[in-house]
Amino acid sequence: LRSPYSGGHLEVVVGPMFSGKSEELIRRVTRAVIARQNVQVFKPALDDRYHASAVASHAGRSVQALAVRHVADIREHLSGADRLLGVDRLPLPDVVGIDEVQFFDTAVVELALELADLGVRVILAGLDLDFRAEPFGPMPQLLARAESVEKLTAICTVCGAPATRSQRLIGGQPARFDDPVVLVGAQESYEARCRVHHEVLE
Ligand code: ADP
């Protein structure tokens, strides 16, 4: 062997809503913490630029996470630029986790690959498909480039089959293909559905 193995690689966990992506991310991160590894978890923030937060699963488990607005904020945080200690560069964490990674733009692909190249174990969790069952944002690029991919399923709320899709409901009715992704003031909800019971109105 000519140089020691750095361990850097990219793991992606995908599936529809309620498939246990956050649970799986929390499981992997908790094991890394037990192994005394340095772990930093991020998730998209909807408002403030930075705030301490947590990744929580529907079943109630959680780990600490930093909510950030942009991929550049993750970069900045990892390089220590937001710390006022006169430290130029912090050592990178052993593990970087990102939940709801589908909400970041494609700059997240470059960041994930860069971190993996630098020896970081990168664990990303997110929706592979949007409510129309179309590939979601940066996910195709991430899935293609990952060393490991785990595709989880939920349970279809109509028939109990493995669910691979997220049904969007507006006022109890299936959403339309053209409905905006963010609807202000609408009664919106989501259910896990199988291929047969997933509905998108024209
Ligand atoms: P995700 O991050 O993929 O949305 P979570 O990890 O937050 O999923 O939550 C998964 C948990 O949600 C399951 O372990 C289960 O307790 C609960 N759950 C609720 N509805 C469903 C469903 N239709 N299918 C599977 N799990 C469900």
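Predicted model: local features only at pLDDT ≥ 70, side-chain atom pairs only at ≥ 80, totals over all residues.
Trainee: Which residues come nearest to the ligand?

Mentor: Lys 21, Ser 22, Glu 23, His 58 and Ile 155. They belong to a set of 13 residues around the ligand.

Trainee: What does the side chain of His 58 do there?

Mentor: An N or O atom of that side chain is 2.7 Å from an oxygen atom of the ligand.

Trainee: And Ser 22, which part of that one is involved?

Mentor: The backbone. A polar backbone atom of Ser 22 is 2.9 Å from an oxygen atom of the ligand. Ile 155 also uses a polar backbone atom, which is 2.9 Å from a nitrogen atom of the ligand.

Trainee: How much of the ligand does the protein cover?

Mentor: The protein covers 73% of its accessible area. On its own, the ligand has 580 Å².

Trainee: Which elements give two or more residues to the shell?

Mentor: Helix 1, at 21-34, and strand 8, at 154-155. Helix 1 gives the largest share, 3 residues.

Trainee: What classes are in that shell?

Mentor: There are 6 nonpolar, 5 polar and 2 charged residues.

Trainee: Where does the ligand lie relative to the domains?

Mentor: Between domain 1 (9-152) and domain 2 (154-202), because both give residues to the shell around the ligand.

Trainee: New topic. How much space lies in the largest pocket?

Mentor: About 1000 Å³. Its lining has 39 residues, and the closest to its centre are Met 17, Glu 100, Gln 102, Phe 103 and Leu 127.

Trainee: Which elements give two or more residues to that lining?

Mentor: Helix 1, strand 2 (39-44), strand 3 (50-56), strand 6 (121-126) and strand 12 (188-193).

Trainee: How do the lining residues divide by class?

Mentor: Into 20 nonpolar, 9 polar and 10 charged.

Trainee: Which domains do they come from?

Mentor: Domain 1 and domain 2 each give at least three residues to the lining of the largest pocket.

Conventions:
Residues numbered from 1 in each chain as written. Heavy atoms only, no water. Near = heavy atom within 4 Å. Polar contact = N/O pair within 3.5 Å; in protein donor to acceptor, adjacent residues only side chain to side chain. Areas by Shrake-Rupley, 256 points an atom, 1.4 Å probe, with all protein chains shown as cover. Helix = DSSP H or I, 4+ residues; strand = E, 2+ residues; numbered from the N terminus. Nonpolar A, V, L, I, M, F, W, Y, C, P; charged D, E, K, R; others polar. Domains from an automatic or database assignment. 1 Å grid on protein atoms, 1.4 Å probe; cavity = no way out; pocket = protein on both sides within 12 Å on 5 of 7 lines; lining within 4 Å. Points joined across faces, edges and corners; volume = space filled by probe spheres on them.
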